Amino acid sequence: MDKIPECLIHPVSIKLLRQGHPWITADTFSSRFPRQSEFVIGLDDRRRPLALLLHDPHHKSVKARVWSTKFPFDREAQHFTASVQARLDLAFEKRIHSKVQLKRENYYLAFGEADQLPGLFILRLQDRVLIQFYTGLWVRYKQVIATTIQEVFPEIKSENVWFQLRGETKELQKLPQNALEPTRRDEFHLSEFGVQYLIRIGATYDHGLYTDMSSVRQALGGLIFPGARVLNLYSYTGAFSLWALKHGAGNVVSVDLSPKYIEWLQNNLALNPDLDHTKHEAVVKSTDQALGDLRGLKRTFDVIICDPPSSSSDGAKRTSAIKAYRELLSKMDLLLEKGGKAVLFLNTHQVSQEKFEKTLREYLTELKLTYKLSTRLHLGEDCPTLKGFPEGNYLKGIVLEKQ
Ligand SMILES: C[S@@+](CC[C@H](N)C(=O)[O-])C[C@H]1O[C@@H](n2cnc3c(N)ncnc32)[C@H](O)[C@@H]1O
């Protein structure tokens, strides 16, 4: 193996890295890393080696990810493939021993940085696996990853292994591809807490069910009482709507702007004959319009679930979800019964849980609304987070109780 280049890193990166942050972002230092090197040794301002980094010159913002802080780094690099296998084994072992897979057929087998597998996420979807790369570096290790998975889970057939490039930048946003037949599209269903969902891989960027929300859906189980009236805003394919019906809701209204996702939701309902479909109403409208229309009809609800995209555009301007919450809160309040609960989510690492709650409190004061902030919701179980790495802790939620 060639000598690994040693490169100074930015003073801010040095500080963050020492606090456990595993990324080196784009700056004047990381732009000087030799482009052809897969590994780089990061040096501090006194040229002391700090970490062995996986270099990703093609990524727009994350130029390198910490692989190891253990010396000697050249040995760590030589043993890279064996360490990948060992870290995968460890990640799988943790999930095998948890009870996650007993209650649901969708869960993460590896969750990136928190499993010491930077930028590598592996989902188990019934008898399939979807391997997601957030850095192009992993593409060269496809075979190693697939083989390691199949050694631990021999029931996963090669034709059921899928790969996907994902990320914030366009170059990394690709549809999942089947390992053996790159043009294949796959449709099947899986069960989560006794509810069936239609999964589509290969046809769309997301496959129809957010696995990172699974533990949240479970945590919220106690919120729905028999007969509860539930409004599910930004419903997507209806995971929360079906979950509410399963918990005995008396009426569920799902709102999404996209006819495609509402049709998918209807397909999901059709997979669950035990749920009472007459208790469900699907509305293809913007949340804003739906909230106004429901108010006009004097409809009220016991539970409102609100899971907006982190930012949205009306064509003219882009609004972040955190900003949109002021108006959303005021409109949701008109539909929520006294004693009712609003379950609010925010899907971005840019706002911490504390800041999210502080902002909501400020809006409530401005709007003269009295709510108690109760249960906090976050990634859990198969989706661990790392201290000092807010980017990995993107999902936050809070239950608001109307006083
Ligand atoms: C983050 S996903 C919601 C995920 C969903 N809550 C779940 O648990 O599966 C956001 C959804 O909001 C929808 N959407 C985006 N802008 C919207 C708007 N202004 N009004 C209603 N739905 C919207 C999108 O079509 C998408 O399905």
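Before the views, a word on the model. This is a predicted model, in which local features need pLDDT of at least 70 and side-chain atom pairs count only at pLDDT 80 or more, while totals for chains, interfaces and linings use all residues. Residues are numbered from 1 along each chain as its sequence is written, and side-chain values use heavy atoms, leaving out hydrogens and water.

**View 1. The chain is divided into three parts: domain 1 (6–78), domain 2 (80–186) and domain 3 (210–402).** These bounds come from an automatic or database domain assignment. Between the C-alpha centres of domain 1 and domain 3 there are 39 Å. Five residues from domain 1 and six residues from domain 3 make the contact (heavy atoms within 4.5 Å).

**View 2. Domain 1 and domain 3 bury about 380 Å² between them.** Buried area is the accessible area (1.4 Å probe) that two parts lose on being put together, summed over both. Carbon and sulfur atoms give 65% of this area. Look for His 21, Pro 22 and Trp 23: they supply 76% of what domain 1 buries against domain 3, more than any other three residues. Zero salt bridges are found across this interface (a side-chain nitrogen of Lys or Arg within 4 Å of a carboxyl oxygen of Asp or Glu).

**View 3. The ligand is surrounded by 14 residues.** The closest are Tyr 234, Asp 256, Leu 257, Thr 287 and Asp 307.

**View 4. Polar backbone atoms face nitrogen atoms of the ligand.** For Tyr 234 the distance to a ligand nitrogen is 3.3 Å, for Leu 257 it is 3.2 Å, and for Thr 287 it is 2.9 Å.

Note on methods: Near = heavy atom within 4 Å. Polar contact = N/O pair within 3.5 Å; in protein donor to acceptor, adjacent residues only side chain to side chain.
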